[in-house]
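Morning, everyone. Please bring up the structure and keep it on screen while I talk.

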Amino acid sequence: MSIQLHNVTAGYDGFKLSPISLELERGSLCALIGPNGCGKSTLLKTIARVLQPLSGEITVGGLNSKTCGSKALARTLSFQPQHPVVPPAITVEQLVGYGRAPHQSLFGIASKADKEAVQAAMAQVGLSAFADRRLSALSGGQRQRAFIAMSLAQEAPYILLDEPTAFLDVKYQFETLDLLQHLHDLGRTCIVVLHDIAQAARYADDLVIMREGQVYAQGAPKDVVSEEMLHNVYGVNAQIYADPESGTPALSPRVKRAEAQKPLSLAAE
Amino acid sequence: MSSVVSRGTRAPSLRLAIIFTTLVIAVAMSSLWGLSVGAFPLSFQVVINSLLDLDGPQQTYMVMVSRLPRLVLALLCGAALAISGVIIQGIVRNPLASPKIIGINSGAAFAVCLLLALLPQVALVHMPLIAALGGALAAFLVLVGAQFRGVSPLRLALVGVAVGMLFDSGVDFYLVANHSPEQAAPMVWLTGSLWARSWEHVDAVWALLCVLIIVGYGLTHQLDLIGLGDDMATSLGQRVALTRLLLLGIATLLASISVGVVGVLGFVGLMAPHMAAQLVGGRARVQLPCAALLGMLLVILADAVGRAIAPPIEVSAGVLTALFGAPFFVLLMLKNRGDLQQ
């Protein structure tokens, strides 16, 4: 049971994914990385069926994405867009409760199991004390946790997140990534679009590196993050070193002397 | 753990109970007042006795035949407009949206004017059906116009304004072209009035409006999911396009049937949802019934005040709702300035 893509193409006017075949293991924490516009969000949305693929086959945990019902898919896979709409004047508990929709009828009447799942999800992200707080009264990091709790309440084995760390302070970035790590430890499969290569290498056990609508490489961070990859994919000249704590690859740019001195001399004036 | 949970939920539900009870009492009291004011003022005692058929035939006639149907219509149309507003604001995801902005009111008004131009002797009772067709036509045009690249809420609103203006020009043309004394009735109707409404009108619309209101309430959970954005709603298992179409259809019928029976009561569909969101929050399941009560209250009061200002002359309810609504809209815009700039 995993997520499998076979010759999948997708996209909109002006941008298309090249046929992609990919397998994402169940139970992994997988990060999709690549430069801006390389198609990582498009790929994630296509797997989530928020975007219809133009061709190819996708199976998610044994479900054929083309033919399965929307609720069945939603019970298997949860997706968080990059910029979720934050409805005004609803509370954390109400938001997390919406995560139960795929388990409910049209009218969304909460059963005992629904209520328990909501409480458990809020507890897991540490927001139980904020249940009655309105979303508008939360910090960016807390709001992100509330949305992740909503995905948890959905009780789908696969959670897809599109840049959950974007626009967060580094503190909340780490908090969010630690939370994903925690969910991963609990057995959820997380597939995350990330921007920061070192963060992705530090937290993920599987990296999918994309370039120009294609998968450039897939594998363990140690195997796929290299100076050659940085040059080929991002067009940067940087050196790779082992993170002192985890041994995972981290990077630092090789700065040309002349360019480095400019801002320094400006600062001195 | 359980004590924490109950402490967290009891206070808001008590607050909700108080708000809803207050609103129901307010609607009841203003209804009573609405039945008592007018060219022949009646005391509350007489009104209540007449309702119970204990008073003289003249008073009973005035209450039961002249004033009660318009009260019933005020209740129905106030609720219908408010619910339509909640749904439209939810679909468009903009607190400044209303049935009017999607062009529904104008389409409905245009259809009625067209009918009057073609068949001047047509009975007022047929107006709601024709208005519903006009509103549906406007909504259809807006959808077609907005659908070219998938319906975005902003596009829906922009095309809605354009379609609304198109129909408004048709209404204006009708009014200019038919400038005669016998055309006064449609003019009064257009300004939004409950004048001379009878049980015939109630019979024509009550069942349909009640069904639409109930279905609308049944879909509030889906409306809440749409409020999370199309992508999120999709990933929660909703078929977004279909749900939005269904909700838009209900909102269109609610608003245009109201226009057909009482004319254009401006701003009710905007004000009531907003006041409700302030009182009980933005969750449609709670906001919608609260807005419905507020819509009833607004229309009853507008109608009653219009009759109480200078009897026997009646000021159209639509004039009063617009008079209150315009400054309310400006206040809302100032308050939402931050959100709108984003």
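I'll start with the contact between the chains, then turn to some side-chain pairs.

One caution before that. This is a predicted model.

So, the interface. How many residues does each chain bring to the contact? Chain B gives 26 residues and chain A gives 36 residues. How do we put a size on that? The size of an interface is often given as the accessible area lost when the parts come together. Here, the area buried between chain B and chain A is about 2300 Å². Carbon and sulfur atoms give 61% of that area.

Now look at the chain B side. Which residues lose the most area to chain A? They are L228(B), M232(B) and L236(B). Together they make up 24% of what that side buries. Three elements of chain B give two or more residues each to this side: α1 (2–36), α9 (220–226) and α10 (230–235). What kinds of residue are on it? Seven are nonpolar, 12 are polar and seven are charged.

What about specific links across the interface? The count of salt bridges between chain B and chain A is zero. Polar contacts are there, though. Six residue pairs are in polar contact between the two chains, both residues at pLDDT 80 or more.

Next, salt bridges in general. Over all chains, the structure holds 12. I'll take a few of them.

Find R70(B) and D303(B). Their side chains meet in a salt bridge, 2.6 Å from N to O. R70(B) sits in helix α3 (residues 57–92) of chain B, and D303(B) sits in helix α13 (residues 284–308) of chain B, so this pair ties together parts 233 residues apart in sequence. Buried or exposed? R70(B) and D303(B) are both buried.

Stay on D303(B). It also forms a salt bridge with R307(B), with the closest N and O atoms 3.2 Å apart. This time both partners lie in helix α13 of chain B. They are four residues apart, about one turn of the helix. D303(B) and R307(B) are both buried as well.

Now go to D230(B). Its salt-bridge partner is R244(B), and their closest N and O atoms are 3.2 Å apart. D230(B) lies in helix α10 of chain B and R244(B) in helix α11 (residues 240–262) of chain B, so the pair ties together parts 14 residues apart in sequence. D230(B) is partly exposed because its relative accessibility is 23%. R244(B) is buried, because its relative accessible area is 10%. The cut-off for buried is under 20%.

R100(A), D114(A) and E155(A) are linked in a network of salt bridges.

Last topic: aromatic rings. How many aromatic pairs are there over all chains? One. F110(B) and F167(B) form it. The ring centres are 5.2 Å apart, with 45° between the planes, and the pair counts as tilted. F110(B) is in helix α4 (residues 104–118) of chain B and F167(B) is in helix α6 (residues 153–177) of chain B, so the pair ties together parts 57 residues apart in sequence. With a relative accessible area of 23%, F110(B) is partly exposed.

Technical notes:
Residues are numbered from 1 along each chain as its sequence is written. Chains are lettered from A and ligands numbered from 1 in the order in which they are written. This is a predicted model: local features need pLDDT of at least 70, side-chain atom pairs count only at pLDDT 80 or more; totals for chains, interfaces and linings use all residues. Side-chain values use heavy atoms; hydrogens and water are left out. Contact means heavy atoms within 4.5 Å. Buried area is the accessible area (1.4 Å probe) that two parts lose on being put together, summed over both. A salt bridge is a side-chain nitrogen of Lys or Arg within 4 Å of a carboxyl oxygen of Asp or Glu. A polar contact is a pair of N or O atoms within 3.5 Å; within protein, one must be able to donate a hydrogen and the other to accept it, and residues adjacent in sequence count only if both atoms are side-chain atoms. Ala, Val, Leu, Ile, Met, Phe, Trp, Tyr, Cys and Pro count as nonpolar, Asp, Glu, Lys and Arg as charged, and the others, Gly among them, as polar. Buried means under 20% relative accessible area, exposed over 50%, partly exposed in between (1.4 Å probe, protein chains only). Rings of Phe, Tyr and Trp (its six-membered ring) pair if their centres lie within 6.5 Å; planes under 30 degrees apart count as stacked, over 60 as edge-to-face and the rest as tilted.
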